[in-house]
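Open your viewer and get ready to click along. We will begin with the whole chain and then pick out a few residues.

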Amino acid sequence: MNKAEVPALKKLIILLLILTPFTLFAGENGFPAIALSGINFSPGEIKSDTVIFRSQDGETEYRFSLQKGELSIPESGNYEIFAAGESAGTIRVLPGWLSLVPPLLAITLAIIIRQVLVSLAAGIYIGALFIYNYNPVTAFLRFADLFILDSVADKDHMFIILFTLLIGGVVGVISANGGTAGLAGLLVKFAKTRKSAMLSTWLMGMAVFFDDYANTLIIGNMMRPITDKLKVSREKLAYIVDSTSAPVASLMIISTWIGYELGLIADGLLSINSDANAYNVFISSIPYRFYPLASLFFVFLTAFTGREFGPMLKAERRAYHKGELTDPESDKNDDKLTDYSILNFENAKWYNGALPVMIILFGTIAGLFYTGISALEAEGLTEYGLREIISRSDSYSSLLWASFAACVVAITMTVAQKRDTLEGALNSWRKGLQSMLFACIILTFAWGISKVTNDIKTADFIISAISDTVDPVYLPVLVFIICGFISFATGTSWGTMAIVMPIVIPLTGNLTSEMTILYGVVSSVLAGSVFGDHCSPIADTTILSSMSSKCNHIDHVRTQLPYALLVAAFSILFGDLMTAFGLNPWIANAIIFAGLAGALYLFGRKVSE
């Protein structure tokens with residue numbers, strides 16, 4: 001650095017420190033830092049029967065009794081809080097519609113400029129700007145040290161990042177030691193045509209049912225060499241991978257999802273003093289999960305018939321007729337490790353790839369049982385069943401153990417077979433980790449905008465649209481749409497479930513005693529969350545599907561969205577709506593499947609034409 005630049009740098013640092021109001025609206029005594037005008041929020045723990053909100057200019061004052069438990073402020077602005085005659089902190093009240101701006105900005109920019117990282121950063125920054133009193137310097141600094149750093153520091157997020165990196169390491173090693181080529185050679189015997197390649201990918205996605213992250217990372221990386229060779233577009237591969245990840249994991253009774261889902265259902269039933277068993281409610285709601293079931297069927301249908309429509313038809317015809325696996329106008333993310341054309345089939349051993357993958361599959365399931373049983377025994381319980389074991393299991397630790405073990409086994413097999421030295425195997429492992437680094441960065445930014453939407457109460461604003469006078473018959477449809485929108489805007493299915501389930505189960509219990517409506521509402525929360533997450537360009541599974549398939553992210557979203565919307569429309573009209581009026585859910589599923597087949601026949605076209 002030039003000496004002349006040092007004083008200027010010092011001045012800049014001093015200026016930034018002066019302009020940064022780090023203590024603005026931190027929130028005290030349990031009050032949220034942010035509230036939305038006209039929408040109820042919890043006051044937290046206050047040792048006073050009355051609380052006063054006074055605007056900073058002193059012209060407006062609101063007095064509330066805390067006996068009601070919740071309160072709302074009708075006008076936006078900055079307020080000082082008084083309880084028991086003393087100041088209890090400050091709160092910032094925003095217009096409700098502002099809470100939609102950050103996620104919608106990120107989604108819109110991602111679609112327009114096709115740069116998901118820039119789009120996510122813009123959404124995070126604009127949200128920070130709203131939170132920190134429109135101060136651009138504070139918003140910029142909090143962007144880095146709060147919304148990004150806290151996303152990485154979260155323990156569950158760190159589990160996911162490590163798991164993602166380790167999966168990349170496994171892929172790097174088995175690609176270098178011939179495992180990928182061996183698996184590809186084995187699968188090519190069954191996947192000799194475009195149809196069989198897509199159906200094989202679909203079947204593999206159904207087989208890796210235990211976790212959505214593992215599904216996307218394993219299936220995308222494993223099947224890409226085969227689908228590339230048979231001229232299946234990367235967009236189509238990403239669609240199959242994405243549509244057999246969360247939909248499968250959310251339905252299975254042994255997965256990393258079920259414990260979380262059961263916990264939310266159990267808490268909701270407890271809030272209405274219901275004696276219904278959460279596991280039984282979960283099982284009973286499966287026939288009502290119209291969107292995940294229909295999504296799995298529609299993937300099979302398009303692969304089997306060879307018919308496509310919309311942007312996917314264009315992408316598939318480009319790959320089939322021109323051999324262009326990705327759109328030439330989009331950014332390419334080529335990975336030479338997994339390029340089919342350079343895979344070395346000489347002395348390739350399929351078990352070098354299969355064994356690490358099986359360790360991830362069965363190791364995770366074993367980990368779920370081990371952690372679940374350990375937790376139950378720690379509680380002093382000696383009699384328990386499958387549902388208790390899975391509900392107490394630690395899915396993140398199970399995934400991490402299994403993926404780490406797979407790395408060790410893959411490296412050991414490479415060295416033991418003298419396919420490479422230890423240094424060479426570790427170098428391949430490192431390259432595999434590096435291939436997943438960009439995915440981890442995007443995940444971090446996606447979690448950052450999720451934190452923004454949580455801080456500015458985006459979900460609260462959307463949920464406020466639910467009226468207490470809603471006809472119970474329409475609750476499943478309404479809940480599905482709202483969960484879909486929240487999940488789409490926030491990019492998180494689990495976050496949406498956690499926000500909505502505790503609200504809609506008590507709402508349903510107050511409006512009706514019909515168990516079919518309750519099953520429909522529970523299934524709509526779970527299915528609607530998967531739908532929004534499936535469509536959203538800022539969702540982690542959508543991002544991972546693009547990365548593992550080496551498909552341009554926005555191209556994946558753009559080609560998948562029409563299919564997801566079509567499936568959702570049939571699921572709402574012939575599933576949620578008709579079953580609320582008494583139609584058997586299995587008959588509703590049959591109607592949905594038949595309707596999707598008819599729509600694909602009418603509007604779809606053969607790729608080969």
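Among contacts in the protein chain between residues at least 6 apart in sequence, what share joins residues at least 24 apart? The share is 75%, where contact means heavy atoms within 4.5 Å.

A word on what you see: this is a predicted model, where local features need pLDDT of at least 70, side-chain atom pairs count only at pLDDT 80 or more, and totals for chains, interfaces and linings use all residues. Residues are numbered from 1 along each chain as its sequence is written, and side-chain values use heavy atoms, leaving out hydrogens and water.

**Whole chain.** Switch to a cartoon view to find 26 helices and seven strands; these are DSSP runs (helices: H or I, at least four residues; strands: E, at least two), numbered from the N terminus. Of the 609 residues, 55% count as buried, meaning under 20% relative accessible area, with exposed over 50% and partly exposed in between (1.4 Å probe, protein chains only).

**Stop one: D150.** Select D150, which lies in helix α4, residues 136-153. D150 counts as partly exposed because its relative accessibility is 33%.

**Stop two: S393.** Now jump to S393, in the loop between α16 (386-392) and α17 (395-416). Is S393 buried or exposed? S393 is buried, because its relative accessible area is 18%. Show its surroundings too: leaving aside residues up to four places away in sequence, S393 touches L368, T371 and G372.
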